[in-house]
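I opened my notebook and looked this structure up piece by piece. Here are my entries, in the order I made them.

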Amino acid sequence: MSKAVARKYRNRTLYTVQKLVYPTNMTNPIVLWRTTTNSDSKMDFYQKNTADSTNATASCWRRPTPTSDYQAMIISAKDTYDWVYGEIELNHYYLQSRSDVLNEATIMHEMMHVFGAKDITDDPLSIMQSSATNPRTVTVLTADANKLLKNKYTD
Ligand SMILES: [Zn+2]
């Protein structure tokens, strides 16, 4: 994580990292820490203020070889390739009127997209439930998302 996270949402992001790395009654192999050295960062957070109907977006990139240019990954590529850099954009336009815990849930959801999780539309009790179809009710890392982290990132 880098210092690029917007000031208003910095603490929300740091709390969310704790909830992702140390989920209640679950474990996973994820290790994250904050860096102020941009070149060390694997996941950056930015803020925008736009009436575009999105609370937040996530994108990630891979490098086919260590000297390749970064390539933006489409969702299906996340099953095949590992990402090397992710970026999350938080939309102040909508987040400013929501609770801290709901914003943390959105940050968790978007971080899971960087880790390779996809939106689902059939389980309101999953953090990966699309908020476009149901209002977000789950605000913690859920077992399905934790399972993805364990399966994908355990050596
Ligand atoms: Zn999503």
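**Burial.** I began with burial and found that 26% of the 155 residues of the chain count as buried. A residue is called buried if 20 or more other C-beta atoms lie within 10 Å of its own, exposed if 12 or fewer, and partly exposed in between, with C-beta atoms placed from the backbone. I kept in mind that this is a predicted model, where local features need pLDDT of at least 70, side-chain atom pairs count only at pLDDT 80 or more, and totals for chains, interfaces and linings use all residues. I number residues from 1 along each chain as its sequence is written.

**Overall layout.** Next I looked up the elements, and the chain has four helices and four strands. Along the sequence they follow the pattern α-β-β-β-β-α-α-α. Helices (H or I, at least four residues) and strands (E, at least two) are DSSP runs, numbered from the N terminus. The radius of gyration is 15 Å, close to the 15 Å that the globule rule gives for 155 residues, so the chain is as compact as a globular protein of that length. That radius is taken over C-alpha atoms, and the rule is 2.2 Å times the number of residues to the power 0.38. I also noted that the C-alpha trace spans about 45 × 30 × 25 Å along its principal axes.

**The sheet.** In what order do the strands of the open sheet lie? I read E1-E4-E2-E3, four strands with mixed pairing. Two strands pair if DSSP finds at least two bridges between them. Strand E1 (43–48) and strand E3 (71–72) stand at the edges with a single partner strand each, so one side of each is left without a neighbour in the sheet. E2 (residues 56–62) and E3 run antiparallel and are joined by two bridges; arginine 62 has glutamine 71 in E3 as its bridge partner. E2 and E4 also pair in the antiparallel sense, over six bridges, and threonine 57 has glutamate 89 in E4 as its bridge partner.

**Helix H3.** I then turned to H3 (100–115). H3 has 16 residues and reaches 22 Å from its first C-alpha to its last, close to the 22 Å expected at 1.5 Å a residue; the expected span is 1.5 Å times one less than the number of residues. Of those 16 residues, 13 are buried, so H3 is largely enclosed by the rest of the structure. After H3 comes glycine 116, with a positive phi near 115°.

**Helix H4.** Which residues of H4 (residues 143–153) are buried? I found Ala145, Asn146 and Leu149. They cover an arc of only 100° around the axis, which puts them on the same side of H4; the arc is that of the directions from the helix axis to the C-beta atoms. Lys147 and Asn151, on the other side of H4, are exposed. H3 is included in what covers the buried residues of H4.

**A loop residue.** My last stop was threonine 137, in the loop between H3 and H4. Is threonine 137 buried or exposed? Threonine 137 is exposed, with 11 other C-beta atoms within 10 Å. I also looked up its separation from aspartate 52: 85 residues in sequence and 22 Å in space, C-alpha to C-alpha.

Key:
Contact = placed C-beta atoms within 7 Å.
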